[in-house]
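Here is a quick tour of the aromatic side chains in this protein. Have the fold open while you read.

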Amino acid sequence: PRVMSLVVLTALAGMLSAPGSLHPIVGFASLTAIAIGAGASGALNMWWDADIDGRMARTRLRAVPNGVIAPKEALWFGLVLSFLSVLTLAAVANLLAGALLAFTIFYYAVIYTMWLKRRTPQNIVIGGAAGALPPIVGCAATTGSVTWDSVWLFAIIFMWTPPHFWALALVKMRDYERVGVPMMPNVYGPARTRLEILIYSLILAPLGLVPFFTGIGGWIYGAAALGLGIGLCVYALRVYLVRDGVDANKRAMGLFGYSILYLFALFGILVVEHGFGLLTRFGL
């Protein structure tokens with residue numbers, strides 16, 4: 001549910017910031033279908049990864065490795081949800097939105113989970129495209145097309161994913177090492193991971209300002225993106241500079257938590273600006 005809340009928020013931002021309008025009932029049904037599609041992806045991921053989830057401290061209490069749900073039940077649950085979510089979105093919105101949702105589920109469940117995750121330390125980089133697609137799906141639900149603005153929103157989430165997840169991986173690297181998942185810290189080492197976190201963060205901070213310059217984000221968004229981007233770079237620099245001991249793990253988890261706030265804030269402000277008309281109300 002925590003991951004799904006971010007999917008719903010970014011998809012909603014894509015819907016509301018797209019040109020044109022969407023009937024509230026159609027919009028709600030579309031957003032529900034996208035949320036169910038995200039749940040389907042998660043169910044399929046947990047079915048496939050049950051063997052390693054049960055051996056990792058972070059995931060051992062998930063329903064399948066914990067014995068609450070049988071693997072076959074998780075598989076069929078995920079497949080049925082996938083079919084119904086795609087069918088619903090295609091019916092209430094349009095075929096392009098349904099096709100994009102189907103591609104998102106396939107990308108996450110098959111390309112990332114089944115293919116990339118256990119084969120390459122770039123799994124998060126390449127696989128991150130699945131988590132970045134909801135704004136494009138939301139835009140397609142509203143307009144029946146893919147706009148450049150939705151592509152910029154995709155790019156922000158895509159560039160956000162590696163520093164966000166690698167910060168956690170620095171702390172949990174022994175977990176991944178034990179189950180044979182080639183995450184960046186346990187393949188190239190913590191030092192290389194910290195450098196890449198800093199590089200991605202330095203690229204992400206100015207990228208987060210693009211919606212302001214393209215016009216889909218107002219002055220409130222622009223000010224927030226600037227301040228939050230600077231904060232992100234400071235957190236990443238702190239992670240880069242402190243490399244050993246308990247303090248290093250604290251700083252990595254600090255960046256992990258801040259990165260969640262960063263993305264929620266940016267897309268939440270877009271939703272508020274477009275959904276509640278704060279730009280007009282404040283004369284911005």
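Two rings of Phe, Tyr or Trp (for Trp, its six-membered ring) count as a pair here if their centres lie within 6.5 Å. Keep in mind that you're looking at a predicted model. How many aromatic pairs turn up in the whole structure? The search finds 9.

Take Trp47 and Trp48 to begin with. Their ring planes sit at 65°, and planes over 60 degrees apart count as edge-to-face, so that's the label this pair gets. The ring centres are 5.6 Å apart. As for solvent, Trp47 is partly exposed, and Trp48 is partly exposed too.

Now for Phe154 and Phe158. Is Phe154 buried or exposed? Phe154 counts as buried because its relative accessibility of 19% falls under the 20% cut-off. Phe158, at 23%, is partly exposed.

Here are the accessibility values together:

| Residue | Relative accessibility | Class |
|---|---|---|
| Trp47 | 24% | partly exposed |
| Trp48 | 34% | partly exposed |
| Phe154 | 19% | buried |
| Phe158 | 23% | partly exposed |

Two more spots are worth a look. Phe212, Phe213 and Trp219 come together as one aromatic cluster. And Tyr188 has a charged neighbour: Arg192 lies over the face of its ring, 4.5 Å from the ring centre.

Conventions:
Residues are numbered from 1 along each chain as its sequence is written. This is a predicted model: local features need pLDDT of at least 70, side-chain atom pairs count only at pLDDT 80 or more; totals for chains, interfaces and linings use all residues. Side-chain values use heavy atoms; hydrogens and water are left out. Rings of Phe, Tyr and Trp (its six-membered ring) pair if their centres lie within 6.5 Å; planes under 30 degrees apart count as stacked, over 60 as edge-to-face and the rest as tilted. Buried means under 20% relative accessible area, exposed over 50%, partly exposed in between (1.4 Å probe, protein chains only). A charge sits over a ring if NZ of Lys or CZ of Arg is within 6 Å of the ring centre and within 35 degrees of the ring normal.
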